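Let us take a walk through this structure together, one part at a time. Have the sequence and the 3D view at hand as you read.

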Amino acid sequence: MAHDDDMTLAGDLPAELAAAHSCAPYAVVIRGPLLGTKWRLPEGREWVVGRSSAADLHLPDETVSRRHCVLRSVPGALEVEDLGSRNGLFYNGRRVRTCRLRDGDCLHIGLQTVVKFVRMSALENSFHDRLLHSATRDPLTGAYNRAHFAEHLRAEARFATRHGTALSLLLFDIDHFKAINDRFGHPAGDHVLQQFALCIAQRIRCEDLFARYGGEEFAVIARGIDARGARLFAERLRAAVESMRVTYEGRPIPVTVSVGVASAPPLDLAHENDWLDCADRALYAAKRAGRNCVRACGDAEADATPGRVTALVASGG
């Protein structure tokens, strides 16, 4: 057992370590469509929270009003004021018009979203980021995982239905992936998945969500892109994958991808599983057409193609 006499005495912490322990205020979503999202809230500023894409802090929650409330960061606390929202603010189980949150307090915004006010050091913030990454990301490719994709698709589908906004879902299936594994080995297959994910991630918008939801299958949820735009978008991504130069241990590996697209408008898709079914049928039409191509739900050949029974969201997976 160590004694005090055996310990090495140190002086003050280095400046960078001391700075890492200084705290800053954050709002963290602990329940709702943006689970895990956090915003830094510097003192002396204010932010409008709402469903509107123009809100400073955007919450894609159908029970949140377009301009739901305003947050004001003051020393040691967060002041909150309701802006006449329909479903209100709830603090400690009680509906309030105004309240003041201190470190550790939670606020219900609407009926689904819960935000926690916390003060975190840089070390705690980094730890939170690592936890969030492990909970929402695929460890091999860095794309979002299937569970996060399912939750995001549910929220985006409801938002698009309620507000009549454009939304598109792109499903990708890497062509002949089993043959790649059989010919080049599974480590090479993993390398192909990583290179494919990097190619797509570098070419989508910051507001798009890119996910891996099974094996060699991936998806992009693209808000604000209609059928014509989605087809062009999908074709650009397909061409980018085809032009990749993937090698593993000095051996070139040709990679192509089939893409299925579902878009509203023109489709009227009320449920997230409707989106998956339509995009899945379009994906299978692309594969039947010879692979390395794009097909959209609404094309005659896609509508005639029986897709798989797709219930990824309902299964929670």
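A residue counts as buried when its relative accessible area is under 20%. Please keep in mind that what you see is a predicted model. By that cut-off, Phe 210 is buried, and Phe 218 is buried too. We will come back to both of them.

Let us begin with the chain as a whole. The protein chain has 317 residues, and 48% of them count as buried. Along it there are 8 helices and 18 strands. Among its contacts with a separation of 6 or more, 57% are between residues 24 or more positions apart.

Several of its residues are buried, including His 148, Phe 149, His 152, Leu 153 and Phe 159. What do the buried residues of H3 pack against? Their partners are helices H2 and H7 together with strands E12, E13 and E14. After the helix comes Gly 164, whose phi is positive, near 65 degrees.

Now for the rings. The structure contains 5 aromatic pairs. One of them joins Phe 149 and Tyr 213, which are stacked, with 5.5 Å from centre to centre and 10 degrees between the planes. Phe 149 belongs to helix H3 and Tyr 213 to strand E13, so this pair ties together parts that are 64 residues apart in sequence. Both Phe 149 and Tyr 213 are buried. Phe 210 and Phe 218 make a pair as well: their ring centres are 5.6 Å apart and their planes are at 15 degrees, so this pair is stacked. Phe 210 and Phe 218 also belong to one aromatic cluster with Phe 172 and Phe 196.

Some rings have a charged residue over the face. Arg 137 lies over Tyr 144, at 3.7 Å from the ring centre. In the case of Tyr 284, Lys 287 lies over the face, at 4.8 Å from the ring centre.

In soluble globular proteins, nonpolar side chains tend to be buried together. The largest nonpolar core here has 35 residues, and those that touch the most other members are Leu 170, Phe 172, Phe 196, Ile 200, Phe 210 and Val 220. Elements that each supply at least two residues of this core include E12, H4, E14, H6 and E17. Which element gives the largest share of this core? That is H5, with 7 residues. Leaving out residues up to four places away in sequence, Phe 210 touches a list of residues that includes Ala 143, Tyr 144, Phe 196, Ile 200, Phe 218 and Val 220. Apart from this core lies another one, of 23 residues, with Leu 41, Leu 59, Val 96 and Leu 101 among them.

Finally, turn to a sheet. Strands of a sheet pair through backbone hydrogen bonds, either parallel or antiparallel. Here 5 strands form an open sheet in the order E4-E3-E5-E6-E9, with mixed pairing. Its edge strands are E4 and E9, each of which pairs on one side only. Inside this order, E3 and E5 run antiparallel and are joined by 4 bridges. Look for Val 48, which stands opposite Val 70 in E5.

Definitions and conventions
Residues numbered from 1 in each chain as written. Predicted model: local features only at pLDDT ≥ 70, side-chain atom pairs only at ≥ 80, totals over all residues. Heavy atoms only, no water. Phe/Tyr/Trp six-rings, centres within 6.5 Å; stacked < 30°, edge-to-face > 60°. Buried < 20%, exposed > 50% of the residue type's maximum accessible area, 1.4 Å probe, protein only. Lys NZ or Arg CZ within 6 Å of the ring centre and 35° of its normal. Contact = heavy atoms within 4.5 Å. Pairing = 2+ DSSP bridges. Core = buried A, V, L, I, M, F, W, Y, C linked by side-chain atoms within 4.5 Å.
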